[in-house]
Amino acid sequence: MRWLVTGSTGMLGTDLVEMLRSADEQVDAPTRAELDLSDLAAVSESVPGHDMVVNCAAWTAVDAAEEHESQALTLNAVVPDLLARACASSKARMVQLSTDYVFDGTATTPYAENARTRPASAYGRTKAAGEEAVRTALPHAHWVLRTSWLYGAHGSCFPRTIAEAAHEQGEVRVVTDQVGAPTWTVDVAALLMRLVDADAPAGVYHATASGQCSWFEFARAVVSSAGLPSEVVVETTSDAFPRPAPRPAYSVLGHKSLERLGVEPIGPWRDRWDEAAPTVLAATSASQDSRPSR
């Protein structure tokens, strides 16, 4: 099978490409210089000759999308639409990565795959539009893979930011009123491959770790892994961090579609973090069992 991975130099794309190549798959992973996603003709022309297209590219600057929604829409919806149309013409299949932000965060139980999307931000609206574009253009040969709270070794992410801040400042304040499931990019890549291997039916699947926690709880797990006392993380609420784009207060995603298919969901978030931590924190000074000054 020959794969095309867009957004291949991002945190998830890098892990996916490495995993595919380790499995001896044929992978084309163009960089931004090699495939300019603002060149819409080039986007369409990149697909022929591939059996599977995985679109990891996205506008992920959540707050900036509030002022630049048209630009975010181009990358998050127009590009996926073009890729999906090109896949339809080439008889290729497509995986579109999406996000918990397609929901408004007012639920109290995990969002089902078929739950109504009600995005509360420009970022969420553009990602929901991308999902719909792919479903419409490629109804029988697509997978929409929603994930959330991603972290990994190949890019900026919450754990490294928190570990560095705790090490340098001696104290960090983290919100308790946003709940989700921290998810390792390596696990998302592995689940994606399991879905493809299972020849899963077209549709929406949730690629998040099992269980749930607040950002505060996750931050305490992170600093403990970094060799720092968990007490350096102090709880606060979202009111202390006003931002242009609203964050979902609850973004836990359910995994019923995977379970019905017999594909194993990603394991508990804390177990997965414990395995990921040495790799994810390797580049931080806080990974060296040091203690913060006060």
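Reader: Which side chain meets that of Asp199 in a salt bridge?

Author: First, the general idea: a salt bridge is a side-chain nitrogen of Lys or Arg within 4 Å of a carboxyl oxygen of Asp or Glu. Here the partner of Asp199 is Arg93, at 3.1 Å from N to O. Before we go on, this is a predicted model, in which local features need pLDDT of at least 70 and side-chain atom pairs count only at pLDDT 80 or more, while totals for chains, interfaces and linings use all residues. Residues are numbered from 1 along each chain as its sequence is written, and side-chain values use heavy atoms, with hydrogens and water left out.

Reader: Where do Asp199 and Arg93 lie?

Author: Helices (H or I, at least four residues) and strands (E, at least two) are DSSP runs, numbered from the N terminus. Asp199 sits in the loop between helix H7 (185-197) and strand S10 (203-206), and Arg93 in strand S4, so their pairing ties together parts that are 106 residues apart in sequence.

Reader: Is Asp199 buried or exposed?

Author: Buried means under 20% relative accessible area, exposed over 50%, and partly exposed in between (1.4 Å probe, protein chains only). Asp199 has 53% relative accessibility and counts as exposed, whereas Arg93, at 22%, counts as partly exposed.

Reader: How many salt bridges does the structure hold?

Author: There are 12. One of them joins Arg247 to Asp63, with the closest N and O atoms 2.6 Å apart. Arg247 is in the loop between strand S12 (233-236) and helix H9 (256-261), and Asp63 is in the loop between strand S3 (52-55) and H3, so this pair links parts 184 residues apart in sequence.

Reader: Which residue forms a salt bridge with Arg125?

Author: That is Glu69, the closest N and O atoms being 3.0 Å apart. Arg125 belongs to helix H5 and Glu69 to helix H4, so the pair ties together parts that are 56 residues apart in sequence. Arg125 is partly exposed, at 37% relative accessibility.

Reader: What span should helix H5 have?

Author: The expected span of a helix is 1.5 Å times one less than its number of residues. For the 16 residues of H5 (residues 122-137) that gives 22 Å, and the end C-alpha atoms are 22 Å apart, which agrees.

Reader: What covers the buried residues of H5?

Author: Look for contact, meaning heavy atoms within 4.5 Å. The buried residues of H5 include Tyr123, Lys127 and Val134. Their cover includes helix H3 (64-67), helix H4 (69-90), strand S4 (93-99) and strand S5 (142-147).
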